[in-house]
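The sequence and coordinates are shown first, and the description follows.

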Amino acid sequence: MTTKSQIELASLLCSRLCHDLLSPVGALSNGLELLADETDPAMRDRCVELLEQSAKTSADKLKFFRLAFGAAGGFGEAVPVEEAQVVIEALASDGKPIDLKWAIEGSSLPKPAVKVMLNLAHIALDALIRGGRLDIGAEMRDSKVEIVVRASGDRIAFDETIGKALQGELAAGELSSRTAAAHMIALVAEDAGGGLQYKADEGTLVLGAVLPQPAGMIG
C-alpha cells in the first residue's frame with residue numbers, strides 16, 4: 001500500500017469505530033441529562049438501568065475494537081480463545097436473536113488469526129439482519145490456522161463489495177468505511193502469507209481464512 005492508501009484506510013477505520021460507538025456513548029450522555037432532571041424514584045432507577053446498559057455496550061465494543069483492529073497489547077504472539085469468545089458473545093447478544101456455536105481447537109490462536117476471526121464474525125453478524133445462527137470454527141494443523149465463520153438465517157444481507165474487499169479485489173473508489181475492515185484483514189492475511197474466501201447465497205454466508213502459523217507457535 002502507498003502512504004496515501006494507508007492514511008485513507010486508517011481514516012476509514014477510525015470513522016467506522018466512531019460510528020459504532022456514537023450510539024451507546026450518546027445514550028450515556030442523554031441518560032445523564034435525564035437523571036439530573038428526574039425526581040421520581042422509579043424513573044431514576046430506570047435511568048440508572050439504561051446507563052448501565054449503555055456503559056456495558058460501550059465497553060464491549062471497545063474490547064472488540066482492541067482485539068479486532070488494535071495491537072492487542074498485553075498479549076504475546078497468541079491470544080487466549082476465551083478473550084475472542086467473550087467479545088463476540090457480547091456483540092451477538094446486542095439486539096438480534098443469535099444462536100452462537102463454537103468449534104475451536106486449542107486454548108489460544110495467533111494474533112493475526114484472532115484479528116481475522118473477529119472481523120469475519122462481525123461481518124457475519126451484520127449479515128444476519130433478522131437474527132439466525134452463527135457457527136465459528138478454528139483449528140491449527142499442518143502449520144496452518146484454518147478459520148470458518150458460517151451465518152445462516154431467514155435472510156442474509158451481504159454486500160458483494162465486502163466480498164471483493166476480502167479477496168483483495170476492490171476497484172478504485174470502492175474503499176469505504178463499510179469495506180475498510182474487510183480490506184484490512186485481507187491485508188493482514190496477505191502479509192501473513194495466507195488468504196480469505198467467501199460464499200454467499202439466499203440463506204447462508206460462509207467466510208473462511210487460511211493463515212500460516214507463526215514460526216514461534218509451530219511445535
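In what follows, Ala, Val, Leu, Ile, Met, Phe, Trp, Tyr, Cys and Pro count as nonpolar, Asp, Glu, Lys and Arg count as charged, and the others, Gly among them, count as polar. The model is a predicted one.

**The largest pocket**

With those classes in hand, the lining of the largest pocket divides into 14 nonpolar, 8 polar and 8 charged residues. The space in this pocket comes to about 650 Å³, and the elements that contribute two or more residues to its lining are helix 1 (3–37), helix 2, helix 3 (81–92), helix 4 and helix 6 (180–192). Helix 4 gives the most to the lining of the largest pocket, namely 6 residues. The lining consists of 30 residues, and those that lie nearest the centre of the pocket are Arg16, Asp20, Lys61, His122 and Asp126.

Arg16 belongs to helix 1, and because its relative accessibility is 16%, below the 20% limit, it counts as buried. When residues up to four places away in sequence are not counted, Arg16 touches His122, Asp126, Ser177 and Arg178. With Asp126, the side chain of Arg16 forms a polar contact of 3.3 Å. Although Arg16 and Ser177 are 161 residues apart along the chain, a separation of 5.5 Å is found between their C-alpha atoms.

His122 is placed in helix 4 and is likewise assigned as buried, since its relative accessible area is 14% and the limit is 20%. Leaving aside neighbours within four places in sequence, His122 is in contact with Arg16, Asp20, Phe64 and Leu91.

**The largest cavity**

How many cavities of 30 Å³ or more does a search of the whole structure find? The search returns 1 cavity of 30 Å³ or more, and the volume of the largest cavity is about 30 Å³. Its lining is made by Asp20, Lys61, Phe64, Phe65, Leu91 and His122; Asp20, Lys61 and His122 have also been named among the residues nearest the centre of the largest pocket.

The side chains of Asp60 and Lys56 are joined by a polar contact of 2.8 Å.

**The nonpolar core**

The largest nonpolar core has 58 residues, and those with the most contacts inside it are Leu109, Val116, Leu118, Leu120, Leu134 and Ile147. Helix 4 (residues 111–127) gives the most to this core, with 11 residues. For Val116, once its neighbours within four places in sequence are left aside, the contacts are with Ile147, Ile185, Val188, Leu196, Ala209 and Leu211.

Ala113 lies in helix 4 and is buried, with a relative accessible area of 1%. Leaving aside neighbours within four places in sequence, Ala113 is in contact with Val145, Ile147 and Leu211.

Most residues other than glycine have a negative phi. The loop between strand 4 (132–141) and strand 5 (144–152) holds Asp142, whose phi is positive, at about 50°, although it is not a glycine. Ser143 is found in the loop between strand 4 and strand 5, and its phi is also positive, near 65°, again in a residue other than glycine. Asp142 is exposed because its relative accessible area of 68% is over 50%, whereas Ser143, with 35%, is partly exposed.

**Accessibility of selected residues**

The table collects the relative accessible areas given above.

| Residue | Relative accessible area | Class |
|---|---|---|
| Ala113 | 1% | buried |
| His122 | 14% | buried |
| Arg16 | 16% | buried |
| Ser143 | 35% | partly exposed |
| Asp142 | 68% | exposed |

Methods. Residues are numbered from 1 along each chain as its sequence is written. This is a predicted model: local features need pLDDT of at least 70, side-chain atom pairs count only at pLDDT 80 or more; totals for chains, interfaces and linings use all residues. Side-chain values use heavy atoms; hydrogens and water are left out. A nonpolar core is a set of buried Ala, Val, Leu, Ile, Met, Phe, Trp, Tyr and Cys residues joined through side-chain atoms within 4.5 Å. Buried means under 20% relative accessible area, exposed over 50%, partly exposed in between (1.4 Å probe, protein chains only). Helices (H or I, at least four residues) and strands (E, at least two) are DSSP runs, numbered from the N terminus. Contact means heavy atoms within 4.5 Å. On a 1 Å grid over the protein atoms alone, a cavity is a set of points where a 1.4 Å probe fits but cannot get out, and a pocket is an open set with protein on both sides within 12 Å along at least five of seven lines; lining residues have an atom within 4 Å of a point. Grid points are joined across faces, edges and corners, and a volume is the space filled by probe spheres set on the points. A polar contact is a pair of N or O atoms within 3.5 Å; within protein, one must be able to donate a hydrogen and the other to accept it, and residues adjacent in sequence count only if both atoms are side-chain atoms.
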